[in-house]
Amino acid sequence: MQAKWGKWLSLIAVVLGLSMDLLDMTIVNVAIPDIMLELGTDLHLSQYVITAYMVTIGVFEPITAYWADTRGMKKIYLLSLFIFTGGSILSALAWNINALIFFRIIQAIGGGMIMPLALSIVEKTFTKKELPLAMGLMGIPLLIAPAIGPMIGGYLVDTFDWRMIFWINIPIGLLSISASYLLLHEFETVTKKFDFWGFVLSALGFSTLLLALSNGADEGWTSFNIVFLFFTAISSLILFFLVEAFSPDPILDLRIFRNRIYSGSLVVTFFIIMSLFGSLFLLPLFLQQLTGLSAMDTGMMLLPEVLGIIIFIPISAVLLPRIGATFLTVVGIAIMSLGTLFFINLDVNTSLSAIRQNLFIVGVGLGLGIMPSVTLAYSSLPKELVNQGSAFFNMVRQIGSAVGVAILTSIIQLRTPWHYANLATTATPWSYTTQSLEPLTSLLQSWGFQAPEAQMFNLLTLFRIAQEKAAVLAFQDAFYVNVLLGLIGIVPAFFLVQKPLLNRIRKKQSITAEQKI
């Protein structure tokens, strides 16, 4: 009984560390304006507070499996928590922007290892029967932390200052280190050579890919820097997979891709994460830029989505052994897409209560659909490949979030001027708006404005209305693409059907056929 309870206590220790890591991925975003103001820097340099963190994760996630296999998973997990917590202290004490970026890199070294190690620890701790519930409970912070990050960040920045978003990690980090040290046990280690070229090529390939995806929308996808980064990333990753195919002790054993369930789960997760992080990027941006909501209020708007996730992830865990991952994943994606479909017609006059209702639907879909494929992926791998599978799985998740944000950012940037030009050349909306502004013209003239001055004011008003309308239409286009990204994930979900389930279906069909005869 004690051993059984020890398992679930160890899950609490893992969830603490995982929540701290995931929260930090979005909590910093809302603090950028205050960081710029206090440290006296520009937006371009300040963005590297976020970008440097993401790129460093791309460097250190692939090597995590090697360290866990050869040095001990508990030991490396404790080290990752210690580095992350230490990096948070240094970030809170940063005296200029360069120091902050450097300390964020230190923080990301720990953060890049926490996620894959946490998932591997849970897979190795729980039996196949217990794993769905354990993964389901761990999936709650996996989905909730990125959603509530902006709300918590907005509160801390408004109430205290931007340094508090790093100070808050200290008590959580110390508690996570203490709980992990006391509750986790060490796992078996193996002896193998370090795949130096595999590490170099993976670090170069994944980091340049993430850097290109992060900066492409701002610098332009055809700019020399971005094209060069993509060329470097693709070349490095091709060489990486070639090296791994012939390496006796690879960082990434390519045998994991022969596993149909693992490979299918990778693709499903990639598209779900693209859609999830795309919506987490789009909606807060729309609410803050076009409706004037504060960061705190915007974060509060996301709470219904969080509630849907909290309620339905445990339900998904209970249903998984009974009805299978394919059905749950397909239904979850369909429900998530149904909720997101509402935002295709989103505008500045949309009811906030309607937004909350549909966010709850999105949360229900996420709660049902995302963890079954993840659980099945881990449980389908042989024990010796779990750490490698976990590291690569999390790298795909990281790339998926970057790709989703990059695609939707580009759509908004490209479609806003297109819609604006289209509005400017369409007579009916303009003539209608001009007529609607005639009372304002008369009012201005009654206040003593000359007719040319009143007309100029009206013209500026028309420009502002057209710009707002063009931005709204561009966001609607982006939400449309966001729905499509989620729906694409349904196709690979059918690869998650397990052989025992297929055999049961075939046996049932055979019995039915015999009964008919």
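The largest share of the lining of the largest pocket, 10 residues, is supplied by helix 17, residues 386–424. The model is predicted, so local features need pLDDT of at least 70 and side-chain atom pairs count only at pLDDT 80 or more, while totals for chains, interfaces and linings use all residues. Residues are numbered from 1 along each chain as its sequence is written, and side-chain values use heavy atoms, with hydrogens and water left out.

A helix here is a DSSP run of H or I with at least four residues, numbered from the N terminus. A pocket is an open set of points on a 1 Å grid over the protein atoms alone, where a 1.4 Å probe fits, with protein on both sides within 12 Å along at least five of seven lines; lining residues have an atom within 4 Å of a point.

The largest pocket has a volume of about 1600 Å³, a volume being the space filled by probe spheres set on the grid points, which are joined across faces, edges and corners. Its lining numbers 46 residues, and the closest to the centre are Asn29, Gln47, Ile50, Phe281 and Val405.

I turn to the second largest pocket, with a volume of about 440 Å³. Of its 23 lining residues, Asp69, Val190, Lys192, Glu384 and Leu385 are the closest to its centre. Helix 4 (48–71), helix 11 (224–246) and helix 17 are the elements that each give two or more residues to this lining.
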